[in-house]
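Thanks for coming, everyone. I would like to walk through the contacts in this model, one interface after another, and then finish with a few words on a single chain.

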Amino acid sequence: MDISLKNVEYRYQVNTPFERLAIQDVSIDIPSGTFLALIGHTGSGKSTVLQHLNALLKPTAGEVVIGERTITSEKKQKGLKAIRQKVAIVFQFPEHQLFEETVEKDICFGPMNFGVNEGEAKRRAHEAIKQVGLDESILQKSPFDLSGGQMRRVAIAGVLAMHPDVIVLDEPTAGLDPRGRKEIMDMFYQLHKERNLSTILVTHSMEDASRYADKIAIMHKGEVYKVGTPLDIFSDPEQLIKMGLDVPEVVKFQQKLEKTFGYKFAKTCLTIEEISQEMPRFLKRGEA
Amino acid sequence: MKNSLVQIRNLSFKYDENADYALKDVTFDIYEGEWLAIVGHNGSGKSTMAKLLNGLNFPKEGSITVDGLLLSEETVWDIRDKIGMVFQNPDNQFVGTTVQDDVAFGLENHGIEREEMIKRVHNALESVKMEQFLDQEPHHLSGGQKQRVAIAGVLALRPNIIVLDEATSMLDPRGREEVLETIRQLKASQEMTVISITHDLEEAAKADRMIVMNKGQLYREGSPEDIFQLDEELISLGLDIPFPVKMSKMLKGLNIPVSKHHLSEEELVEELWTSHLKM
Amino acid sequence: MMEKMIFGRYVPADSVIHRMDPRSKLIIVLLFVCVVFIANNAITYGALVVYTLLMLAMSKVPMRFVFGGLKLVFILIIFTFLMHIFLTREGPIIFELGWFKVYEEGLRQGIFISLRFFLLILITSILTLTTAPIAITDGLESLLGPLKKLKFPVHELALMMSIALRFIPTLMEETDKIMKAQSARGVEFSSGPVKDRVMAIIPLLIPLFVSSFKRAEELATAMEARGYRGGDGRTRYRKLVWSGIDTLMLLLLLALTILLIIFRT
């Protein structure tokens, strides 16, 4: 499903003393199958953009096209539910949304809200719990008896069981330890490939953005600063650093080397393997 | 510097009789003026350690001695005066309705005179660079700012030790950097003993000494340089290794001469540069 | 919906009312609640309205915002008004349409009681809009201070209130987040049959309770770690200052009271 934001503006608390412009003139195209990383500081408007992707927020100006539907600032919008089944969001700390007596019921909750029958929902629960790397025996436990990491996975399973076409991830690995982070991200990436999903990842991790995304959008002070492939984005690290954003360690390292040696690598390397391969050539170049 | 301030001896703890040991037979010392990082994956026992240190839980076996005082029900309040804690969730430790009220909270508890309180609140906020936010309410602050206020609240009480219990794990990179920078400066300016409990390896790499916890036990103790030589072993413990170490290793594998696993990028760049000059 | 609510919300500004001592504001609101009942005719109610609007003007809080935020209250007030119109059957009939009759007394009471209700809400809103919640708590603690001698837990109450106030924005934010997370899972909070909407409250409330308990526990731990052991021996960082304005404002209310007593019938 294609999603496209056209000149979207959003103001919080319109007509109160607390009115605040959150984003303006945001235009991003997310064709079906894209893995988009949305990066920027806290308060740059990322979360606001994210909530437009399944019509949790309606733009105060501009339009959001989600598949066949167009969402504008007009008053009443019917049938937003259909959109929400297709575009699922895993919010930050999704474990906070758990509420049912058992893990199984909680995972079935989403699908059943969208009209899936109980038998099918349970089948999906079994499938989803395995996808997130947990044992099926956990399905009959109370979600509140689980560890923080397990709760996170259960919450994610609840979203996967909705079988969305587009999955929006708001810092899905925040607070996890390194192993947990890697496992969760690898799982989403695998799903992205297998099910041909569109994935939108809101993240602070430049490493994740450069590793998984095929397109990166940088938000800055409520506007889209730049959209491009990871290579486009990180080949100009100076600009990002000036904005107070991070760049992947590899890029930083390359930058330091280039500065010390006084000449450039043949290309911008995004992985540790790439830069290692370039290294012998880079080190020798000084002799010539 | 090698003046032992805290002695932890054969410490064991269970949350529940039938549960597994959350901590088992842990022994180590904390030295005056050092920055000690206690690392481990989620559930390795590192947070239990923090709770025991502060007397929020009492050990089943073993002992903790802080600055000569053996931790017990009787001494717990005196020990809390010596150990300041900064917890994980920036919101759930912000008691006051504004920044200055929050810093003053601990002082009020200790019955400090108002004049003295005002001085200490201002000084503490200055040392974490939050003095312009005196009357700000917590929901208008970023996570990093809230954590700095929490640090100020601790500093105002002038403890000997400050414990950061995963204090950066819920922050964005900017917030994390703010907090770590604050700690670095405090260490430099006022001989503070810092214990940071973390799974952030970049944070741990900056410490003077590291303790690796695994399944409730002390797995390894040493300088960050030593610990990060463990390499694959750390990854199998659910941890990671910092980028420069990974890079050094990778280059070594390609027969590029790198003398050791560097902890900082600068060092690695430096070595590549010198060896390049000799080529 | 939530974001338009003004109940318990503080709008910082520099106005006479903002600068007043919370104690005098609390006393005034308390007295006003009594004074309102003195009024019983057009002149006295008029005086009350003028006084309240004067206070509102002096507070410098935008009118549009205040009245916008009281929308829900207006519904209640209209309801009260209609109840009186329908149920009071005294005095001459002034309007008749089939079985529906409006009596003079019903209209009179309807107007006065809704007005009274409205003024009370407005004056309390002015208090909360112009006084930082913590200042209200401080004011209360100070005013209730004498009750400590009767073993009344004044300190505990004040601390509880200040913590509750401190966490209102946090919990509102959290409510909003959970609502959004559950909406994304197909819950409809604002459309669909009433039964479904009532049921929708469960996936909202349970997570809210769970996280509040967790917060409470962590907060208690953090407080203990910072040496909190109850009210004994605690000193106070905040200090309240009673100034000339406060006395003046009290006198103004006193003047209003006298006026009302003179002109009531």
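**Interfaces between chains and domains**

Chain A and chain C together bury about 2,200 Å², with 63% of that area on carbon and sulfur atoms, where buried area is the accessible area, taken with a 1.4 Å probe, that two parts lose on being put together, summed over both. Before I go on, please keep in mind that this is a predicted model, in which local features need pLDDT of at least 70 and side-chain atom pairs count only at pLDDT 80 or more, while totals for chains, interfaces and linings use all residues. Residues are numbered from 1 along each chain as its sequence is written, chains are lettered from A and ligands numbered from 1 in the order in which they are written, and side-chain values use heavy atoms, with hydrogens and water left out.

Staying with chain A and chain C, the contact, meaning heavy atoms within 4.5 Å, takes 26 residues from chain A and 23 residues from chain C. On the chain A side, the residues that lose the most area to chain C are F18(A), Q97(A) and F99(A), which together make up 23% of what that side buries.

How many salt bridges are there between chain A and chain C? The count is 2, a salt bridge being a side-chain nitrogen of Lys or Arg within 4 Å of a carboxyl oxygen of Asp or Glu. K81(A) forms a salt bridge with E188(C), and the closest N and O atoms there are 3.7 Å apart. There are also 5 residue pairs in polar contact between chain A and chain C, both residues at pLDDT 80 or more; a polar contact is a pair of N or O atoms within 3.5 Å, where, within protein, one must be able to donate a hydrogen and the other to accept it, and residues adjacent in sequence count only if both atoms are side-chain atoms.

In terms of secondary structure, α2 (80–86) and α3 (103–113) of chain A each supply at least two residues of the side that touches chain C, and the largest share, 4 residues, comes from α3(A). Helices (H or I, at least four residues) and strands (E, at least two) are DSSP runs, numbered from the N terminus. By class, this side of chain A has 14 nonpolar, 9 polar and 3 charged residues, with Ala, Val, Leu, Ile, Met, Phe, Trp, Tyr, Cys and Pro counted as nonpolar, Asp, Glu, Lys and Arg as charged, and the others, Gly among them, as polar.

Let me turn to chain B and chain C. These two chains bury about 3,000 Å² between them, 53% of it on carbon and sulfur atoms, and their contact takes 38 residues from chain B and 28 residues from chain C. The rule finds 5 salt bridges across this interface, and in one of them the side chains of D101(B) and R238(C) meet at 2.6 Å, N to O. It also finds 16 residue pairs in polar contact, both at pLDDT 80 or more. On the chain B side, α2 (76–82), α3 (99–109) and α4 (114–127) each supply at least two residues, and α3(B) gives the largest share, with 10 residues. The residues of that side divide into 16 nonpolar, 15 polar and 7 charged.

The contact takes 10 residues from domain 1 and 7 residues from domain 2, and the two domains of chain B bury about 770 Å² between them, 50% of it on carbon and sulfur atoms. In domain 1, E225(B), Q229(B) and I241(B) lose the most area to domain 2, together 55% of what that side buries. Across this interface the rule finds 4 salt bridges; E232(B) forms a salt bridge with K249(B), the closest N and O atoms being 3.1 Å apart. Of the helices of chain B, α7 (201–205) and α8 (224–228) each supply at least two residues of the domain 1 side, and α8(B) gives the most, with 3 residues.

Finally, a word on chain C by itself. Chain C has 11 helices and 2 strands, and its C-alpha trace spans about 70 × 55 × 35 Å along its principal axes.
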